[in-house]
Amino acid sequence: MAQKPKIDPHVGRLGYLQALVTEFQETESQDAKEQVLANLANFAYDPGNYQYLRQLQVLDLFLDSLSEENETLIKFAIGGLCNLCADKANKEHVLQAGGLPLIIGCLSSPNEETVLSAVTTLMYLSSPGSCSHPELTSLPVVQCMLRFSLSASTRLRNLAQIFLEDFCSPSQVAEAHSQQAHSALGIPLPKTEAPQQP
């Protein structure tokens, strides 16, 4: 178990968050990195921390962590981004930093929590004003959501249905249906068998 950062109780929230970021950057321990990233993702849930997290470039730290091979780091990083992208300034930062391909890449994770956070993050990024980012509802993403809509996981199935209904046009869904023979982002079909079409 990683040691808690040695923090003066009087440094305040910014100081505490800075200590976490510093520990993440300096530690060689994967366990410590996972623990710190989990803490930062939890702090990202509180809008009162958004300004500090932007100031400390935690959004970029989360985006960088999406390229890690460690699935636990990816899970916490996409969870943190999911928490932060409800905010307009954070959303714009992620879009301008080129975060979309990294987030879309999380859709192929074997970890269901990672996939759920990625789908939810795409929904936050797809809200009004994001029409300049057609990759949010590109054919591979829509095909992926169609596959997820057949998932045995109720949470994933329902989230995919909402994405298809609220963020995709009927023509996008129809095109994705017609191209289903093709692979979507290398994402395998859900582990349980999909119902057979009559």
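Tutor: Glu 175 has a relative accessible area of 41%, so it counts as partly exposed (buried is under 20%, exposed over 50%, and partly exposed lies in between, using a 1.4 Å probe and protein chains only). Before going on, bear in mind that this is a predicted model: local features need pLDDT of at least 70, side-chain atom pairs count only at pLDDT 80 or more, and totals for chains, interfaces and linings use all residues. Residues are numbered from 1 along each chain as its sequence is written, and side-chain values use heavy atoms, leaving out hydrogens and water.

Glu 175 sits in helix H11 (helices are DSSP runs of H or I with at least four residues, strands are runs of E with at least two, and both are numbered from the N terminus).

(The expected span is 1.5 Å times one less than the number of residues.) The buried residues in H10 are Leu 156, Leu 159, Ala 160, Phe 163 and Leu 164. They share one side of H10, because they cover an arc of only 135° around the axis, the arc being that of the directions from the helix axis to the C-beta atoms. Turn to the other side of H10 and you find Glu 165 and Asp 166 exposed.

Now zoom in on Leu 156, which belongs to H10. Its relative accessible area is 8%, so it is buried. Leave aside neighbours within four places in sequence, and Leu 156 is in contact with Val 115, Leu 116, Phe 148 and Ser 151 (contact means heavy atoms within 4.5 Å). Val 119 is 37 residues away from Leu 156 in sequence, yet their C-alpha atoms are 8.7 Å apart in space.

Some of those names come back where H8 and H9 meet: Val 115, Val 119 and Leu 122 of H8 face Val 141, Met 145 and Phe 148 of H9. The two helices pack at an angle of about 130°, and their axes are 13 Å apart; axes are lines fitted to C-alpha atoms, for helices over the stretch in contact, and angles run from 0 to 180 degrees between N-to-C directions. H8 and H9 are therefore oblique to each other (under 35 degrees is roughly parallel, over 145 roughly antiparallel, 65 to 115 roughly perpendicular, and the rest oblique). Their crossing is left-handed, meaning that the near helix is turned anticlockwise from the far one by less than a right angle, with clockwise giving right-handed.

Stepping back, the chain has 11 helices and zero strands. Buried residues account for 45% of its 198 residues. Of the contacts between residues at least 6 apart in sequence, 67% join residues at least 24 apart.
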